Amino acid sequence: LPISAEPKTKPEQAKKPPMHRGVMIGSWMSFISVAAAAISFPFMQTRRDALGCDALCQGGQTSLRSGLMLIGASLIGRSSDQFGRKPMLVIGLVASLTSLAISASMDTILGMWLALVPAALLNHNWSVLKALFADYIAERGGSDADRAGAVGKLGMAIGLSFMAGPLLGTLVVKSYQGAILLSMGLTAFSGVFIIFLPAPKAAASPAAAKSGKASSGLMDFVRMPVLRTRGAQLLMLMRLMMALAFHMFAPVWQVSLKTRFDFGPPDHAKLMGMVGFSYALSQGLVARPLIAFFGKDPTKLILLCISILGACRPFALKTDSVAVVYMLYVPMVIALGVMNTAITTACSFLADGDQLGGLFVIMESVESVAGMVGPALGGLAAAYHADLPLAAVCGSYAALARLALTEPEPEPERSEERRVG
C-alpha cells in the first residue's frame, strides 16, 4: 500500500507536537453536526411506518441518496481544492439545514424524498474536513502517524456523535417533529465553528484555482493526475470492495436480528451506541499507534483488519446469543476504523493539496456506487440461497486481502510546496 516510510526522528525531534488547533475545532464541529443529524434516528422507522414507506420505498431512497452523493462528489471535492475548504463546509451546512427544513414542513412521503436531495448532493463535509486536516498536517511537515492521528480525531468525533445523538433525542424530545427542530438548532450552532477554523498555509495554489475556473467540470474531476497512479487505483478498489461487503451484508443482517432476537427500536439503539463507542475507540486510541507501529509497510496491519472482519461476520450472523453478537462487533468495528484510517492516511500521502479534496470525495463516490448496487446484490443473492450473501461478503474480503498484497508503485514526485509543508 502507498503509505510512505517516514525517517526516524532524532532524539531532539522526538517530542510529539500538540494537535493543530484546526483539527480540534473541526472535530468539535463534526461531532455537533453529526449528533444533530442522529437525533432523529430513533424516530425514523416510526415515521416511515406512519407514512407508508415500505421496504421498496426505503430501498429507492437509499439508491437516490447514493446517486446524488456520486454526482455531488465531483462538484464539492474539486471545488474544495480550487476555491477553499471553508466555503464548501458552509455549503454543506446550508444543504443540511435545507433538508431539515423540508422535513419539518412536509409530513408526507414526497417530503421524505425531497429532503434527501440538498444534503446528499451538497453536504460532503466529512471528506472536506479530512482534506482540510491533511492540509494542516502538511503545513507542519507531519508524519503518516500525525495524519492518522488527525483523521482519528475526526473519526472519534463521528463515533461519539452516533452515541450522543440518539440518546439526546430520546431524552429531550418525544416526537419526530421535535427531533427535527432540535436537529436544526444544533446544526446551525455547529456552523459557528467554521468561523474559527484557521486557513491552512498549504491551501490550493492560486494557479490551481485559476485553472479550476476554466475546468470542464466532471471530466476535469475524472482526469485528476492522482487518479492515474496505481496507488490511488488500488485504494479505490479496496474502498469499493469494503463498501460492497458492507452493503451486501446489511440486508440479511437486519432481517437476521429480527428473526433471531426480535430486535426492536431500543435494541437497535443499544447496538448503535456500542458501534459508535467502538468506532470512537478505534479512532481515538487504536488507529494511530498501530499505524505508527507498522510503519512504512501497513500491509500486515491491513491483512489483520481484513482477517478480523472476515472471520467475525459469519459467527455474528449465525450465533443464537445476542451477547456474542455484541462481543464480536467490538473487534469488527475497531478493525474497520483502523482500516479506514490507514486508507485515508495513504490518500493524504498520494495527493497534493490541489487534488486532495477531490481524491477524498471520489473515495466517497466509490462508496456511493456500492450503496446503489450492494443492497440489490445482497437481496438477489439471498433470494437464490440464504447463505450466498455471506459467501459473497467473505469473497469480497478475500479480494481485499489480494489487493493489499499488490506491490505498490514507486513513490510519486511530490510538489515542492507539499514537501516543504
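Helix α4 (residues 85-105) packs against helix α6 (residues 125-139) at an angle of about 160°, and their axes lie 10 Å apart. Angles over 145 degrees count as roughly antiparallel, so α4 is roughly antiparallel to α6. The two also have a handedness: α4 passes α6 in a left-handed crossing. As you explore, keep in mind that this is a predicted model.

**Salt bridges**

How many salt bridges does the model hold? The count comes to three. Here they are side by side.

| Pair | N to O distance |
|---|---|
| Asp107 and Arg47 | 3.6 Å |
| Arg85 and Asp135 | 2.9 Å |
| Asp387 and Lys318 | 2.6 Å |

The side chains of Arg85 and Asp135 meet in a salt bridge. Arg85 lies in helix α4 and Asp135 in helix α6, so this pair ties together parts that are 50 residues apart in sequence. Are these two residues buried or exposed? Arg85 is buried, with a relative accessible area of 5%, and Asp135 counts as buried too, at 1% relative accessibility. Buried means under 20% relative accessible area.

Next comes the salt bridge between the side chains of Asp107 and Arg47. Asp107 sits in the loop between α4 and α5 (109-122), while Arg47 belongs to helix α2 (residues 41-51), so the contact ties together parts that are 60 residues apart in sequence.

The remaining salt bridge joins Asp387 to Lys318. It links distant parts of the chain, 69 residues apart: Asp387 is in the loop between α16 and α17 (388-404), and Lys318 is in helix α14 (residues 299-318). Asp387 counts as partly exposed at 35% relative accessibility, and Lys318 counts as partly exposed at 48%.

**A nonpolar patch on the surface**

Now turn to the outside of the model. Which residues form the nonpolar patch there? They are Leu70, Val369, Met372, Val373 and Leu377, which together have about 350 Å² of accessible area. Helix α16 (residues 353-384) gives the most to this patch, with four residues. Leu70, by contrast, is found in helix α3 (residues 55-83). Why can Leu70 be called partly exposed? Its relative accessible area is 33%, and partly exposed covers the range between buried, under 20%, and exposed, over 50%.

Technical notes: Residues numbered from 1 in each chain as written. Predicted model: local features only at pLDDT ≥ 70, side-chain atom pairs only at ≥ 80, totals over all residues. Heavy atoms only, no water. Patch = residues over 30% accessible without salt bridge, like charges linked within 9 Å, V, L, I, M, F, W, Y side chains within 5 Å. Areas by Shrake-Rupley, 256 points an atom, 1.4 Å probe, with all protein chains shown as cover. Salt bridge = Lys/Arg side-chain N within 4 Å of Asp/Glu carboxyl O. Buried < 20%, exposed > 50% of the residue type's maximum accessible area, 1.4 Å probe, protein only. Axes fitted to C-alpha atoms, helices over the stretch in contact; angles between N-to-C directions. Parallel < 35°, antiparallel > 145°, perpendicular 65-115°, else oblique. Left-handed = near helix turned anticlockwise from the far one by under 90°.
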